[in-house]
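Please look at the sequence and the model first.

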Amino acid sequence: MSQLQVKVAAIDDVSAGVRHFTLVDAHGGELPAFSGGSHIVVTMPAPGRTYRNAYSLLSSPENRAHYEIAVHRQPQSRGGSIYMHEQVKVGSVLDISYPVNLFALSRVAKHHLLIAGGIGITPFMAQIHDLERLGGDYSLHYGFRSREHAAFADALKARVSQRAVCYDESLGQRMDFDALLRAQPLGTHVYACGPQGMVEALVSTARALGWPEHHIHSEQFLAPPVGEPFTLKLSKSELEITVQGDMSMLEAMEAAGVDAPSLCRGGACGRCELEVLGTDGELQHHDHYLSDADKASGRKIMPCVSRAKCGYLELNL
Amino acid sequence: MSLAFKQETFRDDYTFRNSPEAIRRFPFPFPEDQYMYSVNIEPHTPGPKGAVTEFTLDVDEHYVAECRDKAITLEQDPGRCASLPHMMDAEWDFLEFTMESLARDYPEQFSLSKNGKEWTWVNRPLGLEQSFVFGDAATLPMGPFEYMGRQVQGDFVLLDQREDTLFADAGIVTSQADWSLAFNVGMSWHEWHGPVPQVTKLGVMDRALKFLMSLQQGNPVRRLNWTMTINPRLDTSPENYPLWGGDRNKVNAQNAGELAHLRVELQTLFRMPRSNAIVFSIRCYLISMEEMATYPRWAKRFHRVLRDLHPDLVEYKGITKYQQAVVAWLSRFDDGADIGIGTQPE
Amino acid sequence: MERGYWIRSKPVYTALLWNTKATAHAVLAAGEGGLAVVKLFQQALPEQGITVFYSPAGASKDYLPALQAAAGADLQVFETTAALLEAWTRYLASARMGLRIYSAGTEKFMWEVTDAAEAFGILNNDVMKELTGSLARSVYCVHCKSLTHEVTSNIATCSGCGRHLFVRDHFSRRMGAYMGLMVDAENPGEVPEIEEIYP
């Protein structure tokens, strides 16, 4: 896969635990344009292991001079966000993927309802640029724990005041999903990005109210959960790999030099799906992609986020 | 490669011919004696010097004549170019992509200069020079998609990605193998692939769609498709079927060498930046049986492929009436020897 | 021409069933579609409000008494499908997300209902469709680009150019019509037997 090389041009802390990075092309050229909602996968070469995390682009899609991302420091994670906060400095050079969009605005929607929670505001910041440029009809609802956790809220309010409503939890302000969704005219698409609980609540409310599936869009970058180590057997490659407790199967395969397919790395897009040939334990599905039937069948798994509680797991790769 | 553009026709008197160089670089698609439809997608990485895959978009000796033929078809039937209202971002993406590719890879023929959003495009073979503002359709003589669609060989379809599928929401289609843009524009992937045989059994279309949905910027892909045409005719549209359909009756074992053509489509797919759309390029190459027989290995290979082709494919590709005539014409080159795997001419 | 494979573009129609997750329901029917609506109302009714738009034009029986008994004040009756579609468009303009849409009638009618809804951002798969009455098709002539309606045979005479068209199963939702291709282009005058296969 072709990649891009960028250099960190600026870093600033915008809110509690959220660090904002400005990235420019490492060779002094233009970066590719992109569509709002896109993310990049940043490769972080830590000693001993390589992290790859997806971060939404929050900068204007038309700005080819730089990209901007925001990284929320997650203490109980595999360590990618900690690496970004502690190891990456101004001047650091990073390999990134081309922008990929798995959270695109519908080009046939009549209205766009944007629902952001906490750090989930990032993809909407880029999408708002597109909507303003295209003259799209939209409203943004942005919830956060307190003003301290509201990255970019002031900048947003200044830019799009009439179309944005903020909800400060510490002041008792909460989004009423039911009321909000019932009020939408035909042809509205709703987009949700934020903590798992918030996104799941929004999606299930929309479904209960009869919103068709293709009018509901959500993005959650699931971090692959940690677990116990096990042995991964790859039948076609004739390899046996140890998957450590703090890395995903996908990361273990990549570290072993296996060319495993992937795209979003967050359990949503389906690209990394592999066939399960056998195991002496049980599969632990953490993705949003497989159907309940597929998960129960035990024949498929998404190695970017899922694991197994077992001695060995054999995949058809 | 030095380009000497030919004056030739793809209709009426059919003066189209391939030079020896064009014959040699022909994208012969059969590595084996048997052919079955498959996804056969591979990364669109630069091919060897002189190959049709050397550059992002291929410009060859037929460029000027093909653009002329395309213009005639569009004049007679403007419905061959269509773009749904929400596709304007994709149209500008397409214009930028084609201009940048041609100017970069064929600097003697094309140039593009930019001053912020003020661009100037020069197309020497067609004698065009156009200054315009990128993003402002009023500064071009026609929509951005049609403007450049007329200046690149082959057909183009712009696919909008939404609702877990791809929609053919814009197209410029003047050299297609027998499908109608006017009818298909706006269709989803499974709808427009409806009439392809055998594939539902193989699940080929589902796998191809899943793959394309994750197509990334900077990582284009390509595949080859093929059919046959009588006379070197580009416009084999359903619309004009009454004009070309009857040609199928004229082929016999004596004239098949001259009349029967192998038609290969080089299909390439590119993810676009602003619109997130996919550009689907369908570039058509024609070669007569006589020209193909310049390389006996190709003649042997195609003889076997055509003789043993699955009946559903024979029918779907419209070859039924003349299959035996062409097989008979090619048989004289086939001594039955094992020629091994591969598409090379010798 | 269609032997050996099944065309996936051909829409598959279903029987109408209430979708209980909704904020409102709109049912649109014409002619024989009235019977499908009566059947629908025999199922347990959803909690949300229902509006029924019906035009009896083309029905073989009088379904009005049954429809009135079933839908009561929620039923609106129109003399023509044109009048029905006009009222439908007005309704859509003030409707809210969560509206579930059900249609019953000929293929042509149902795609006209869908077309009107698409202008308001509704996706065509989200209009439930039960085909009733005739299987007659609208046919698009690729040569002269006219539409010929009420075609019941495998070969149609184009209302625009007079050519004999083979009626394919390849269907365009945008046009609500099947593709028609000149059947005797290769051998003019040799038209296969005409069979009434879409009665």
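This is a predicted model: local features need pLDDT of at least 70, side-chain atom pairs count only at pLDDT 80 or more; totals for chains, interfaces and linings use all residues.

Residues are numbered from 1 along each chain as its sequence is written, chains are lettered from A and ligands numbered from 1 in the order in which they are written, and side-chain values use heavy atoms, with hydrogens and water left out.

**The sheet in chain B**

Helices (H or I, at least four residues) and strands (E, at least two) are DSSP runs, numbered from the N terminus. Two strands pair if DSSP finds at least two bridges between them. In chain B, three strands make an open sheet with antiparallel pairing, in the order S3-S4-S5. Strand S3 (110-115) and strand S5 (128-133) of chain B are its edges, each pairing on one side only. On average, neighbouring strands of this sheet are turned by 10° against each other, direction ignored. Such angles run from 0 to 180 degrees between N-to-C directions, and the axes are lines fitted to C-alpha atoms, for helices over the stretch in contact.

S3(B) and S4(B) run antiparallel and are joined by six bridges; B:Ser111 stands opposite B:Val122 in S4(B). The two strands form a hairpin with two residues between them, and B:Gly116 in the turn has a positive phi of about 65°. Strand S4 (residues 118-123) of chain B also pairs with S5(B), in the antiparallel sense, over six bridges. Here B:Asn123 has B:Leu128 in S5(B) as its bridge partner. S4(B) and S5(B) form a hairpin too, with four residues between them and B:Gly127 in the turn at a positive phi of about 65°.

Helix H3 (residues 88-105) of chain B lies across S3, S4 and S5 of chain B and runs at about 120° to S3(B).

**The sheet in chain A**

An open sheet of five strands in chain A has mixed pairing and the order S13-S12-S18-S14-S16. Its edge strands are S13 (239-243) and S16 (300-301) of chain A. Strand S12 (residues 230-234) of chain A and S13(A) pair in the antiparallel sense over five bridges, and A:Leu232 stands opposite A:Ile241 in S13(A).

**The interfaces**

Contact means heavy atoms within 4.5 Å. Buried area is the accessible area (1.4 Å probe) that two parts lose on being put together, summed over both. A salt bridge is a side-chain nitrogen of Lys or Arg within 4 Å of a carboxyl oxygen of Asp or Glu.

| Interface | Residues in contact | Buried area | Salt bridges |
|---|---|---|---|
| Chain B and chain C | 29 residues from chain B, 29 residues from chain C | about 2500 Å² | four salt bridges |
| Chain C and chain A | 17 residues from chain C, 18 residues from chain A | about 1400 Å² | zero salt bridges |

Between chain B and chain C, carbon and sulfur atoms give 56% of the buried area. The side chains of B:Arg248 and C:Glu186 meet in a salt bridge (2.5 Å, N to O). On the side of chain B that touches chain C, helix H5 (181-184), helix H6 (189-192), helix H9 (241-244) and helix H13 (311-316) of chain B each supply at least two residues.

Between chain C and chain A, the share from carbon and sulfur atoms is 63%. In chain C, the residues that lose the most area to chain A are C:Arg96, C:Met97 and C:Leu123, together 43% of what that side buries.
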